[in-house]
Amino acid sequence: MLWDQTRWRLPAVFWLLVLWLALLPDSRAAQSAAAGVPVRLYFPNERLNPDHSDCSAVFPIERQLAQAQRAAPAQAALRQLLAGPTADERAAGYHSLFSPASADLLKRLRISGGTAYVDLADFRARLPGSSSSCGAAEFRAQIDQTLRQFSGISRVRYAIDGDPRLFHDWMGEPCGQANGYCNPRPFRVRTGR
């Protein structure tokens with residue numbers, strides 16, 4: 001069947017415009033790359049949990065990881081969490097045991113077999129409220145929820161200076177199956193992470 005080619009003939013300017021648009025990078029992808037990688041940090045919020053009836057209630061805040069932090073996003077998110085909420089986030093009701101004074105607590109994060117091994121510097125003098133029943137629930141919920149957003153992390157284990165027994169003694173918890181019997185070996189394994 002023959003069709004009238006003159007009816008489908010479009011000006012060359014139109015075809016140049018179509019070609020130019022096809023070759024442009026997706027502006028949303030370009031903006032996303034410039035903005036960084038979004039991650040969620042979890043903090044308690046006095047407006048969302050006004051009676052503080054659930055000490056483990058934490059709520060997400062979205063932050064952006066810088067381009068350089070993309071290689072280790074879980075570690076970067078945890079470091080931001082340990083620095084606490086920003087002034088704007090505090091004004092929105094978020095609070096935390098963590099603050100700029102605790103920003104340097106992370107010694108090492110290792111992820112293996114679905115478990116994140118969080119080795120912290122000795123924080124007991126800097127975060128004395130973290131061993132109270134409510135403080136311990138907030139402490140753990142903030143870190144657990146922040147790390148569990150990353151695929152491959154389903155469990156979090158803790159140590160102070162490589163010793164899980166120090167952590168669990170401070171939190172008033174016995175060593176048992178739930179915390180790997182306070183086995184320090186996973187915290188001593190050296191990897192690139």
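1. Glu138 is found in helix H6; helices (H or I, at least four residues) and strands (E, at least two) are DSSP runs, numbered from the N terminus. The model is predicted: local features need pLDDT of at least 70, side-chain atom pairs count only at pLDDT 80 or more, and totals for chains, interfaces and linings use all residues. Residues are numbered from 1 along each chain as its sequence is written, and side-chain values use heavy atoms, with hydrogens and water left out.

2. Glu138 is buried, at a relative accessible area of 7%; buried means under 20% relative accessible area, exposed over 50%, partly exposed in between (1.4 Å probe, protein chains only). Not counting residues up to four places away in sequence, Glu138 touches Pro44, His52, Cys55, His95 and Leu97, where contact means heavy atoms within 4.5 Å. The side chains of Glu138 and His52 are joined by a polar contact of 3.0 Å. A polar contact is a pair of N or O atoms within 3.5 Å; within protein, one must be able to donate a hydrogen and the other to accept it, and residues adjacent in sequence count only if both atoms are side-chain atoms. Glu138 and Ala57 lie 81 residues apart in sequence but 7.4 Å apart in space, C-alpha to C-alpha.

3. For the protein chain as a whole, the secondary structure comes to 8 helices and 5 strands, in the order α-α-α-β-β-α-α-β-β-α-β-α-α along the sequence. Of its 193 residues, 38% count as buried. Among contacts between residues at least 6 apart in sequence, 62% join residues at least 24 apart.

4. Helix H4 (residues 73-82) is mostly covered, with 7 of its 10 residues buried: Ala74, Ala76, Ala77, Leu78, Gln80, Leu81 and Leu82. These buried residues pack against strands E1 (37-43), E2 (59-65), E3 (106-112) and E4 (115-120), and against helix H6 (133-148). Just after H4, Gly84 takes a positive phi of about 80°.

5. The largest nonpolar core has 33 residues, and those with the most contacts inside it are Val118, Phe123, Phe139, Ile143 and Leu147. At least two residues of this core come from each of E1, E2, H4, E3, E4, H6 and strand E5 (155-160); H4 gives the most, with 6 residues. Such a core is a set of buried Ala, Val, Leu, Ile, Met, Phe, Trp, Tyr and Cys residues joined through side-chain atoms within 4.5 Å. Ile143 touches Leu78, Leu81, Leu82, Phe98, Val118, Val156 and Tyr158, not counting residues up to four places away in sequence.

6. The axes of H4 and H6 come within 9 Å and cross at roughly 150°. Axes are lines fitted to C-alpha atoms, for helices over the stretch in contact, and angles run from 0 to 180 degrees between N-to-C directions. The two helices, H4 and H6, are therefore roughly antiparallel to each other (angles over 145 degrees count as such). The contact is made by Ala74, Ala77, Leu78, Leu81 and Leu82 of H4 and by Gln142, Ile143, Thr146 and Leu147 of H6.

7. Asp161 has a positive phi of about 50° although it is not a glycine; Asp161 sits in the loop between E5 and helix H7 (164-170) and is partly exposed, with a relative accessible area of 40%. Cys182, also not a glycine, has a positive phi near 55°. Cys182 is found in the loop between H7 and helix H8 (185-188) and is buried, with a relative accessible area of 4%.

Note on methods. Angles under 35 degrees count as roughly parallel, over 145 as roughly antiparallel, 65 to 115 as roughly perpendicular and the rest as oblique.
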